[in-house]
Amino acid sequence: MKKLLVRKTLCICLFILPVYVYAQEIKPGTVMPRTDTLFSSKKDTLDTQRAVLQKDIFDVFRYIFNKPASAGKSDSITSKPVFSVIPAFGYTLESRLAVIVAGNIAFRASPEGKVSAITASASYTQNKQFILPVQSNIWTKNNRYNLVGDFRFYKYPQSTFGLGSDSYISSEDPMDYFYFRFYEILLKQVKGNFFAGAGYILDYRWNISDKGTKNGSANEYKQYESSKNEISSGITLNALYDVRDNPINPSKGFYTSLQLRNSYKFLGGSSNWHSLIVDVRKYFLLPGS
């Protein structure tokens, strides 16, 4: 019996094209290069290279079907929602083959406002798993408020191999459960690009079941917890600093967020717990991009 030290996962990425790349500001009087082909040859300056290479999915479709762009069309995202839907597929050891339909909506609440986005997908896997996430990042007029939502529904049969790194392949325990998530956070502008706020979080798992280990060894799930339902319900305190040029396809800027999460029994949670999540990102534009 071989000891499983590390579970290696092979994953084919889900290739989902963004709705739009960020809009490039063009100074009056600037002569733009020809864009007869999808990707032009190198120009004398990096700016002209970016102007040629930055394409969205609709530009690609126009190139394939030789449909000219509408006169006066702007690549800037405005208050009019921009939609994108695309099928995809992937593979992981946990799901095996997965078929996905994904899409998003992008818009601005005001001309100078940040880009708001709603992203959703529906997946069905070879292991009979159904996954439906919907994530939203909405900015109100003049960026005064930011609403961040995360909603998910899973039907997720998945084996467990025990707790911790000291586990064995032969200790496989097939499990199944339903999962629902509801996160909604409201952030208010404090100054400039700094925001602070609070929200409510709910994680609900129900109809949890397991078939027992295949090798007949002790079942760690039942030793640790055998409840059919698990609930995390509580509040979250948040801080955000975001100076990205575009949240969908950022090419530059800085992003950091702090989230203090709390789950309480008096709010319906199965237990009391606390956690702190720190997310720090710095974006760079690679040469030739």
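A residue counts as partly exposed when its relative accessible area lies between the buried limit, under 20%, and the exposed limit, over 50%. In this predicted model, F254 has a relative accessibility of 28%, so F254 is partly exposed. Y241, at 34%, is partly exposed as well.

Strand β6 has two pairing partners described here. Residues 130-139 form strand β5, and residues 145-155 form β6; the two strands pair in the antiparallel sense over 10 bridges. Opposite W139 stands N146 of β6. Five residues separate β5 from β6 in a hairpin, and N142 in the turn has a positive phi of about 60°. Strand β9 (residues 173-191) also runs antiparallel to β6, joined to it by 11 bridges. There, V148 has I185 in β9 as its bridge partner.

The structure contains 13 aromatic pairs. One of them is F153 with F178: the ring centres are 6.3 Å apart and the planes meet at 40°, so the pair is tilted. F153 belongs to β6 and F178 to β9, so the contact ties together parts 25 residues apart in sequence. F153 is partly exposed at 28%, and F178 is partly exposed at 23%. Another pair is Y241 with F254, whose centres are 6.3 Å apart and whose planes are at 50°, so this pair is also tilted. Y241 lies in strand β11 (residues 230-242) and F254 in strand β12 (residues 253-263), 13 residues apart.

Lysines sit over two rings. K114 lies over the face of W139, 5.4 Å from the ring centre. K282 lies over the face of F284, at 4.5 Å from the ring centre.

Notes:
Residues are numbered from 1 along each chain as its sequence is written. This is a predicted model: local features need pLDDT of at least 70, side-chain atom pairs count only at pLDDT 80 or more; totals for chains, interfaces and linings use all residues. Side-chain values use heavy atoms; hydrogens and water are left out. Two strands pair if DSSP finds at least two bridges between them. Helices (H or I, at least four residues) and strands (E, at least two) are DSSP runs, numbered from the N terminus. Rings of Phe, Tyr and Trp (its six-membered ring) pair if their centres lie within 6.5 Å; planes under 30 degrees apart count as stacked, over 60 as edge-to-face and the rest as tilted. Buried means under 20% relative accessible area, exposed over 50%, partly exposed in between (1.4 Å probe, protein chains only). A charge sits over a ring if NZ of Lys or CZ of Arg is within 6 Å of the ring centre and within 35 degrees of the ring normal.
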